[in-house]
Structures are given as C-alpha cells and as structure tokens.
Amino acid sequence: FPTAEMAAAAYDAAALALKRADAVLNFPSSMDSYPVPASMSPQDIRSAAAAAAAATALQRNEEADNSLRVTERQKKYEYDMTMMSSTSLASSVGMDEEELFGMPNLLANMAEGMLLSPPRPSDYPDSSGNSDGAESRLWSY
C-alpha cells in the first residue's frame, strides 16, 4: 500500500475478519466502518482489506481538502482584515468618502443633520417654562 495508514487499515479489516473481538487494531475507533468480508476465504478477506485501505485514502483526501478550505478561509479573512485596516488608514490620511460612496455633499449633509432638533412625538406635552420634568411621562411610575 502507498501509505502507512492504508496498510494499517487493511491490517485492521483482515484482523477483524480473522480474530473478531480478539483483534488488536491500529484504529479501534474505525472498527465499525471497516467492510465485512463476504466469507472467510482469503480472496474475500483481501478484497475487504483493500476496500478498507481505499476508504482510508479517500478519508485522508477529504480531510486534506477540508484543511485546505480552512486555510483558504483563514487567508481570505486575513486579507479582508488587511484591506479594512488599510481602508481605515487611508481614511485617516484624507480619503474622499464622498467620492468613494458616490454621495456628493455627504459631510455637509451630515453636519447639517447635527444642527437639527430631533422630532418630537405627536403626543409629547409642551412644557413651556417648566423644565423639572414633572409633566413628563419619563419619571411617572
């Protein structure tokens, strides 16, 4: 077999076929996933061992693919964080947000909005001169 893991899985499948519960396995947690030979003939045991080795190779490839996906995701996250950091750096040195977002007069409109009083609810009582808040529902229990 090309890898030690494949050989160990083939051994485990053959040992289970021959020794049943008395078998000492390399991967005891994988015992339920090993194929059972159709009979006790050497040919059937060999084919079950080969199938176990192939399944181990397939599982190893899937784990490598998953590891690669995690690594790619981590690199993308690091790239995104770098880009966000460089964007915030660029804005601190004078990046034009109005041009970036395609919103002319963005800063002027934001400044004007800060000068306006917030709208009052329609049922807000007009307290002309009494600022102790006694008429407000905020402090009434």
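The following is a short exchange about a predicted model.

Colleague: How many helices and strands does the protein have, and which pattern does it follow?
Modeller: This is a predicted model. Its secondary structure comes to 4 helices and 0 strands. Read along the sequence, the pattern is α-α-α-α.

Colleague: What share of the residues is buried?
Modeller: The cut-off for buried is under 20% relative accessible area. The protein has 141 residues. The buried share of them is 15%.

Colleague: Among contacts between residues at least 6 apart in sequence, how many join residues at least 24 apart?
Modeller: Contact here means heavy atoms within 4.5 Å. Take the contacts between residues at least 6 apart in sequence. The part that joins residues at least 24 apart is 30%.

Colleague: Where does UniProt place the AP2/ERF domain, and what is the helix content there?
Modeller: The feature "domain: AP2/ERF" comes from an unreviewed UniProt entry, which places it at residues 1-28. Over residues 1-28 the end C-alpha atoms are 20 Å apart.

Colleague: Which side chain of opposite charge is nearest to Asp 12, and how far away is it?
Modeller: Asp 12 sits in helix α1, residues 4-19. Asp 12 is buried, yet has no salt bridge. A salt bridge needs a side-chain nitrogen within 4 Å of a carboxyl oxygen. The nearest side chain of opposite charge is 10 Å away, and it belongs to Lys 19.

Colleague: Which residues does Asp 12 contact, leaving aside its neighbours within four places in sequence?
Modeller: Asp 12 belongs to helix α1. With those sequence neighbours left aside, its contacts are Leu 25, Asn 26, Phe 27 and Tyr 34.

Colleague: Is Thr 56 buried or exposed, and which residues does it contact beyond four places in sequence?
Modeller: Thr 56 lies in helix α2, residues 42-92. Its relative accessible area is 16%, so Thr 56 is buried. Leaving aside neighbours within four places in sequence, Thr 56 contacts Glu 5, Met 6 and Ala 9.

Colleague: What separates the C-alpha atoms of Arg 46 and Ala 14?
Modeller: Arg 46 lies in helix α2. At 54% relative accessibility, Arg 46 counts as exposed. Arg 46 and Ala 14 are 32 residues apart along the chain. Their C-alpha separation is 7.2 Å.

Colleague: How far apart in space are Ala 54 and Phe 1?
Modeller: Ala 54 also lies in helix α2. With a relative accessible area of 42%, Ala 54 is partly exposed. Ala 54 and Phe 1 are 53 residues apart in sequence. C-alpha to C-alpha, they are apart by 9.5 Å.

Colleague: What phi does Arg 20 have?
Modeller: Arg 20 is in the loop between α1 and α2. At 51% relative accessibility, Arg 20 counts as exposed. Most residues other than glycine have a negative phi. Arg 20 is not a glycine, yet its phi is positive, at about 55°.

Colleague: Which residues make the nonpolar surface patch of about 310 Å²?
Modeller: One of them is Leu 100, found in helix α3, residues 97-101. Patch residues need over 30% relative accessible area. Leu 100 is partly exposed, at 45%. The patch is made by Leu 100, Phe 101 and Met 103.

Note on methods. Residues are numbered from 1 along each chain as its sequence is written. This is a predicted model: local features need pLDDT of at least 70, side-chain atom pairs count only at pLDDT 80 or more; totals for chains, interfaces and linings use all residues. Side-chain values use heavy atoms; hydrogens and water are left out. Helices (H or I, at least four residues) and strands (E, at least two) are DSSP runs, numbered from the N terminus. Buried means under 20% relative accessible area, exposed over 50%, partly exposed in between (1.4 Å probe, protein chains only). Lys and Arg count as positive and Asp and Glu as negative; His and the chain ends are not counted. Patches are made of residues with over 30% relative accessible area and no salt bridge: like charges are joined within 9 Å, nonpolar side chains (Val, Leu, Ile, Met, Phe, Trp, Tyr) within 5 Å. Accessible areas come from the Shrake-Rupley method with a 1.4 Å probe; for residues, only the protein chains shown count as cover. UniProt positions are given in the numbering used here, feature names are shortened, and annotations may be inferred rather than shown by experiment.
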